[in-house]
Amino acid sequence: MELAKLIGRRAVQLLVVLIVVSFFTFLLIRLLPGDPTDAIIPFGTEEQKRLLREDLGLEKGFFEQYWDYVSGLAQGDLGHQYSSGRPVSDLVEQSLPISLQLMIYAQVIALLFALPLGVFAAYRAGTKSDRAINTTGFALLAVPNFVLALVLSYFIGAELKWLPTSGYAPGWLDPLFDPSRSPDIGDHIRYMLLPAITLAVGQIAIYMRLLRSDMIATLQENFITMAKAKGIPNRRILWRHALRPSSLTLLTVAGLNVGILIGGAIVVEVIYGIPGMGQKIGQAIFSREYVELQSYVVVIAVLFVLINFFVDFLYSVLDPRIRRARATT
Amino acid sequence: MPERPPETALVGEIESPEEQIVEESIEGGLLGQSAEIEAGAVIAGGEGRRRKAGLGFGAWLAIGWLVFIVLIAVLAKTGILTWGDPEESFGECARKGPFADEGTADGFLLGCDSNGRDMIPRLALGAWTSLLVATGAIVVGFVIGGLLGMLAGYFGGKQSRIGGVIAGAFVGAVFGIIIGGVIFAVAIGLGDVLAGVLGGVLGAALGGFAGWRKGDLDTYLTGIFNVMLSIPAIVLALSLTAFLLGSAEEAAQGGGLPPELVLIIAIGVVSIPLVGRIARASALSWAQRDFVLAARAQGAKHARIMVRELLPNVLPAMFSISLLGIAIAIVAEGTLAILGVGVRPPTPSWGNIIALDRGNLFKSPHIVFEASLLIFLTVLALNFLGDVVRSRFDVREGGI
């Protein structure tokens, strides 16, 4: 019952988001000065441009064009690039797995570091080592992604020459979307390591602080005192008893970040020359491919809502009772 | 939630977990700090016995840095103190600077960019642009988002016919224009304007009626915020900036909005739902306090309660959020500049100084790193100060 309501609410939300997002991106494009045919055939005659506009459906009324676009969307047609005529869905298929992989690596790295650090900081709350970890986390939060990307590519890429600073090799996820790309895992990891670390650093700071504060609250609980009284070693208490009830917020935020990172990785992808969604969005803006841009925005918004739904679902599975109980103590 | 005074945090409404989480993730780093204080209070054995020290060395350092940067920016903009012309080009100095491959240039302490322009005046004027954009955007976000959020929070769970009708009519009009417009134009074949107006009026009437019946301003506003939040912030800002800037040619002819204003609008709009939700949560918790009830019992109007009772309590929390917001907006300006939209050269901003010479990173790292360092220090100072303001505000709350 609960679940059905949740799904229903999310479906309505998805529909609303789709309508609003598609309409407003569409509206913005219409309001924009300039004619897309200028970009396709800059030296064409007026007659040629008029024919092309007719061809692209630009001579129709506003609502009719919008309807064409939305009904196309419903059938999975994301429109075509002006310049090359390629379907945008092809471009999405190419670039989305790249961004997804980058995001997954970033999350894994972030959690790998944040979990032990957060647990340790909470265990040693108020001591020098806790303060040191906290201060470092705080400083890391103030480093913008693009600054870190530039710093890492200068020192690790250019000075030490450990890792490449630009480029991409297909990984395990690309062939699923595009069978013609065979994975080259070694190269793939070498190219992805710096960008993934760049994205992970900010997350580490956030996750660590979240986990730490939740963990401190958990450690005040009676069942922890009980566990201590039973003589269970500290290590086991921390990892087996305290971590799980403390990790709900962390998991949820990590889940939500998945959505944020799909769009938020744009600047990192651009700096490291990774041909993911982010870079495609940047290029679309640069070359004024508005249909393409509009479709990317819609795709990301849909993904975002779907991921939020999944996180919501995960949350109800992970038993909110624990959280409520903690909130009232 | 951290922005909520501890003793009312649980008396108030119970939000859905998802809602809390979104706000927590927005807060990000702040959480740790406030939890630490709360945990500290628990250990000390009393709500009121919290540490009340001075601002502390770090906070003064942060204030000092911010004053310094603002001073430099203002001096550079007004031209009271000249460090040289930010647009003058010195050929012999191009790409030279500390740590650059081509060596340093005499007479230019921080070196020059790839066009041979002295970095010092450029960074100083860039500070002006970056701070102007960031502060302006946050002002936009706070005026609109804060107002909407306070309205939503104050009327949360209350009946408010007027508010409900206005919000309902607005939401109804938007959907009426979209859905009704499509139906009237495509299926019936009316003209665009007629179809849109007809759909909008019908939708507004329907929405207004629904608002009259249910009178739930909060639901509408929260819904609007949620829809806005469902587009990743940077993508929304990027699209808005790109669209508002229009074509490059038009800009060359002097048309269109000035890029600074476009950035202020774009980043400001993106911050509206974020600020709105925080303001809502804060207002919601205060609106349920007894003093609001007392004011209401004395016959105070809603507007008066909001201005005289709610606003003074919501403001301190909002102030600390605004410091964080400015930090985020500075980073946003830089991000947008690197992605190729934003302040146009020759006007420098910290972001476009980095963007212009990103290609020279390996040979002349000083150009990119000097601007990066300024961004980092300013963001750090703002974050830190925001944190301090927040925790001091919490401490004062504990005494009540």
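**How do we know? Reading a predicted model**

Q: Why does A:Pro87 count as partly exposed?
A: A:Pro87 has 17 C-beta neighbours inside 10 Å. A residue is buried if 20 or more other C-beta atoms lie within 10 Å of its own, exposed if 12 or fewer, and partly exposed in between, with C-beta atoms placed from the backbone. The count of 17 therefore makes A:Pro87 partly exposed. Keep in mind that this is a predicted model, where local features need pLDDT of at least 70, side-chain atom pairs count only at pLDDT 80 or more, and totals for chains, interfaces and linings use all residues. Residues are numbered from 1 along each chain as its sequence is written, while chains are lettered from A and ligands numbered from 1 in the order in which they are written.

Q: Where is A:Pro87 found, and what does A:Pro87 touch?
A: A:Pro87 sits in the loop between helix H4 (62-74) and helix H5 (88-123) of chain A. Helices (H or I, at least four residues) and strands (E, at least two) are DSSP runs, numbered from the N terminus. Leaving out residues up to four places away in sequence, A:Pro87 touches A:Leu78 and A:His80; a contact means that the C-beta atoms, placed from the backbone, lie within 7 Å.

Q: How do you know how H3(B) is oriented to H4(B)?
A: Two packed helices are described by the angle between their axes and the distance between the axes. For helix H3 (residues 57-78) and helix H4 (residues 119-155) of chain B, the axes come within 8 Å and cross at roughly 105°. Axes are lines fitted to C-alpha atoms, for helices over the stretch in contact, and angles run from 0 to 180 degrees between N-to-C directions. Angles under 35 degrees are roughly parallel, over 145 roughly antiparallel, 65 to 115 roughly perpendicular and the rest oblique. H3(B) is therefore roughly perpendicular to H4(B). Among the residues making this contact are B:Ile69 of H3(B) and B:Trp128 of H4(B).

Q: How do you know that the span of H8(B) agrees with its number of residues?
A: The expected span is 1.5 Å times one less than the number of residues. For the 13 residues of H8(B) (residues 233-245), that should give 18 Å, and the end C-alpha atoms are 18 Å apart, so the two agree.

Q: What makes H8(B) largely enclosed by the rest of the structure?
A: In H8(B), 13 of the 13 residues are buried, so the helix is largely enclosed.

Q: What about H10(B): how many of its residues are buried?
A: In H10(B), 25 of its 29 residues are buried, and the helix is mostly covered.

Methods: Two residues are in contact if their C-beta atoms, placed from the backbone, lie within 7 Å.
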